[in-house]
Amino acid sequence: MNAETPDLAHTVDAAVIAEMCDLAGQSQYRVMLDTLVTSTDSDTAVLINCLQREDWTAVAAAAHKVKGAAGLLGMTGLQQLCKRIEAHAKSGGSVADVADVAGELQRVAAANADHVIERIG
């Protein structure tokens, strides 16, 4: 799974980003982006805790939460990564599989945000 992750770091939806900047304004969009990256840190901690307990329902819920916010902000790389985590959790994937992908959440969130900021200036 990690082999696919580097591509996700720069995968964004320019149309969604432009629409959100038009609707909310560029400065408010940046605030939402910063909030998503910050909340991903705490969501990752929750996800790791759930992994340790092998609480797959909670792992799926945490991934779903980030996936929705990422999609709303056009961060499709992060959205796709969360979709994978959610699918693994729902299928009862091994701890190693989900933990491997979960460890990439913060990196992809930050990289997507940096990429978006470069695009919007």
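Okay, let's start with helix 2, residues 14-24: Ile 17, Met 20 and Cys 21 are buried there. Looking down the axis of helix 2, those buried residues fall within an arc of 100 degrees, so they line one face of the helix. Why would that spacing work? An α-helix has 3.6 residues a turn, so residues three or four places apart point the same way. And just so you know, this is a predicted model we're looking at.

So what do the buried residues of helix 2 pack against? They pack against helix 3 (26-53), helix 4 (56-72) and helix 7 (105-120).

Asp 13 caps the N-terminal end of helix 2, with a side-chain oxygen 3.1 Å from the backbone nitrogen of Ala 15. After helix 2 comes Gly 25, and its phi is positive, near 90 degrees.

Okay, next residue: Glu 86. You'll find Glu 86 in helix 5, which covers residues 76-90. Is Glu 86 buried or exposed? Its relative accessibility is 6%, and the cut-off for buried is under 20%, so Glu 86 counts as buried.

And who's around it? If we leave aside neighbours within four places in sequence, Glu 86 is in contact with Ala 60, Ala 63, His 64 and Lys 67. With one of these, Lys 67, the side chain of Glu 86 also makes a polar contact of 2.7 Å. Go find that pair on the structure above, and that's me done!

Key:
Residues numbered from 1 in each chain as written. Predicted model: local features only at pLDDT ≥ 70, side-chain atom pairs only at ≥ 80, totals over all residues. Heavy atoms only, no water. Helix = DSSP H or I, 4+ residues; strand = E, 2+ residues; numbered from the N terminus. Buried < 20%, exposed > 50% of the residue type's maximum accessible area, 1.4 Å probe, protein only. Polar contact = N/O pair within 3.5 Å; in protein donor to acceptor, adjacent residues only side chain to side chain. Contact = heavy atoms within 4.5 Å. Arc of directions from axis to C-beta.
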